[in-house]
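Here are some notes to read alongside the model, which is a predicted one. Please keep the structure open while going through the points.

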Amino acid sequence: MKPLNLFLCVASILFGLNGIGWAQKKEVVALQPLGKFEPQLLQQITEGITARYRVEVVTLGKKPMPQEAFYAPRNRYRAEKILTFLDHVPERSFSKIIGLTTDDISTTKGPYPDWGVMGFGLLQQRPCVVSTFRLGGKKVSNRLFLERLVKIVNHELGHTFGLDHCPQVGCYMEDVKGKVKTVDNWNGELCAGCRKNPLLKGIVK
Ligand SMILES: [Zn+2]
Ligand SMILES: [Zn+2]
């Protein structure tokens, strides 16, 4: 074997092994508390995520809400601008980042130029954002509030892994359609169809 061929052969074996290593490596999900988000919720969110996804969850230091995302006419923040902010968070040792806020967030949806949402995430992107503003707060039990929060976090995370909205009633990838009742109706798990999505291979529990 010529030296060059030998080199290419060794290089391809090494590259192949490396490829296997990447495939087995756990995705790292970063929680990014923004503004007044309560740090004591981070542990429960971590447990909620790892109950559904085979990922490692890390917590980043709190940051102020990005003022460039503030939408003065409605006194709330534009979700897509928060995603841009999160995409520029300098720590790169994670594959996903979830912004967590108590402020109301909004986006443009159909005929509505500024539609309030509980969370926002785009397919196969690194960042997503979740807001507690529409989850009932002190008006509902702590258990229900947490349940809603974890479901929305797992829903937005699902989008970042590539899952689109699911027609199966009760699956947490079902479209919320602006109603917290939809969230309460989710059973907290992915349906069989979503679980089979090849994009979730090695990630779904
Ligand atoms: Zn969604
Ligand atoms: Zn589903």
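**Notes on the fold**

1. β1 and β2 are parallel and share five bridges. Of the seven residues of β1, five are buried, and the strand is mostly covered.

2. Q32 stands opposite G99 in β5, and P33 has L100 of β5 as its bridge partner.

3. Which strands make up the five-stranded sheet, and in what order? The order is β2-β1-β5-β9-β8; the sheet is open and its pairing is mixed. β2 and β8 (119-121) are the edge strands, and each of them pairs on one side only. From one strand to the next, the twist averages 20°. Helix α2 packs on this sheet and touches β1 and β2, and its direction makes about 165° with that of β2. Helix α3 packs on the sheet as well, where it touches β1, β5, β8 and β9; the angle between its direction and that of β9 is about 130°.

4. Helix α2 covers residues 42-50, and its residues I45, G48 and I49 are buried. Why do they lie on the same side of α2? The arc they cover around the axis is only 95°, so they are on the same side of the helix. As a general rule, an α-helix has 3.6 residues a turn, so residues three or four places apart point the same way. Q43 and E47, on the other side of α2, are exposed. The buried residues of α2 pack against β1 (27-33), β2 (55-59) and α4 (142-160).

5. There is also an open sheet of four strands, with mixed pairing and the order β3-β4-β6-β7. β3 (70-71) and β7 (112-117) are at its edges with a single partner strand each, so one side of each has no neighbour in the sheet. Helix α3, residues 79-87, packs on this sheet too and touches β4, β6 (105-109) and β7; its direction makes about 115° with that of β6. β3 and β4 (residues 76-78) run antiparallel and are joined by two bridges. Within this pair, F70 is opposite Y77 of β4.

6. The largest nonpolar core has 43 residues, and those touching the most other members are V29, I49, I82, I98, V129, V153 and L157. Two or more residues of this core come from each of β1, α2, β2, α3, β5, β9 (127-131) and α4. In soluble globular proteins, nonpolar side chains tend to be buried together. What does V129 touch, leaving out residues up to four places away in sequence? The list is A79, I82, L83, L86, G99, T101, I105, G119 and F120.

7. D87 is a residue of helix α3. Is D87 buried or exposed? D87 has 11 C-beta neighbours inside 10 Å, and a residue with 12 or fewer counts as exposed, so D87 is exposed. Apart from its neighbours within four places in sequence, D87 is in contact with R126 and P127. D87 and Q125 are 38 residues apart in sequence, and their C-alpha atoms are 9.1 Å apart in space.

8. Two backbone angles deserve a look. N75, in the loop between β3 and β4, is not a glycine but has a positive phi, near 55°. N75 is exposed, because 9 other C-beta atoms lie within 10 Å. K177, in the loop between α4 and α5 (180-185), is not a glycine either, and its phi is positive at about 55°. K177 is also exposed, with 9 other C-beta atoms within 10 Å.

9. Some totals close the note. The protein chain has six helices and nine strands. Of its 205 residues, 31% count as buried. Among contacts with a separation of 6 or more, 65% are between residues 24 or more positions apart.

Technical notes
Residues numbered from 1 in each chain as written. Chains lettered and ligands numbered in written order. Predicted model: local features only at pLDDT ≥ 70, side-chain atom pairs only at ≥ 80, totals over all residues. Pairing = 2+ DSSP bridges. Contact = placed C-beta atoms within 7 Å. Axes fitted to C-alpha atoms, helices over the stretch in contact; angles between N-to-C directions. Buried ≥ 20, exposed ≤ 12 C-beta atoms within 10 Å, placed from the backbone. Arc of directions from axis to C-beta. Core = buried A, V, L, I, M, F, W, Y, C linked by C-beta atoms within 7 Å.
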